[in-house]
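Hello,

Here is the structure for you to look through.

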Amino acid sequence: MAEFLALLLAYYTCDAAAQTQEPLGPDRLACVATYEEVKSYFAPITPSPRGTPAYGAERIATYRAFSAWEAENAEVVAQPRAEAQAAAQ
């Protein structure tokens, strides 16, 4: 869980930076990789092939699963989200 919480801090840091400034170059790529890594925790173990309707549906379901997890774990999410927002200001 500690590894996932560290990843969440990076995710929320990217999110806060995107809201206050445009990430440039390597930072943008690092944020994309972070977003994908967070989503991988909620994605099917064996995803459908890219470009297929099933893959698109899985991506939507993955995002919804992550959003639901955030809502169900608001107390866990609060600290890394607050830290990220404070760092972005």
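First, the ground rules. This is a predicted model, where local features need pLDDT of at least 70, side-chain atom pairs count only at pLDDT 80 or more, and totals for chains, interfaces and linings use all residues. Residues are numbered from 1 along each chain as its sequence is written, and side-chain values use heavy atoms, with hydrogens and water left out.

Salt bridges

The count is three salt bridges. The term means a side-chain nitrogen of Lys or Arg within 4 Å of a carboxyl oxygen of Asp or Glu.

Start with Glu-36. Its side chain meets that of Lys-39 in a salt bridge, 3.0 Å from N to O. Both residues lie in helix H2 (residues 25–40), three residues apart, about one turn of the helix. Helices here are DSSP runs (H or I, at least four residues), numbered from the N terminus.

Glu-36 also forms a salt bridge with Arg-59, with the closest N and O atoms 3.0 Å apart. This pair links distant parts of the chain: Glu-36 is in helix H2 and Arg-59 in helix H3 (residues 53–72), 23 residues apart. Glu-36 is partly exposed at 31% relative accessible area. Arg-59 is partly exposed too, at 30%. For these labels, buried is under 20% relative accessible area, exposed is over 50%, and partly exposed is in between (1.4 Å probe, protein chains only).

The remaining pair is Arg-81 and Glu-70, whose side chains meet at 3.0 Å, N to O. Arg-81 lies in helix H4 (residues 74–88) and Glu-70 in helix H3, so the bridge ties together parts eleven residues apart in sequence. Arg-81 is partly exposed at 33%. Glu-70 counts as buried, at 14% relative accessibility.

Shared partners join Glu-36, Lys-39 and Arg-59 into one network.

Helix packing

Now H1 and H4. Helix H1 (residues 2–20) packs against H4 at an angle of about 40 degrees, with the axes 8 Å apart. Axes are lines fitted to C-alpha atoms over the stretch in contact, and angles run from 0 to 180 degrees between N-to-C directions. The two helices are therefore oblique to each other; angles under 35 degrees count as roughly parallel, over 145 as roughly antiparallel, 65 to 115 as roughly perpendicular, and the rest as oblique.

Which residues in H1 meet H4? Among them are Leu-5, Leu-9 and Tyr-12. On the H4 side, the residues include Val-76, Val-77 and Arg-81. Contact means heavy atoms within 4.5 Å.

Best wishes
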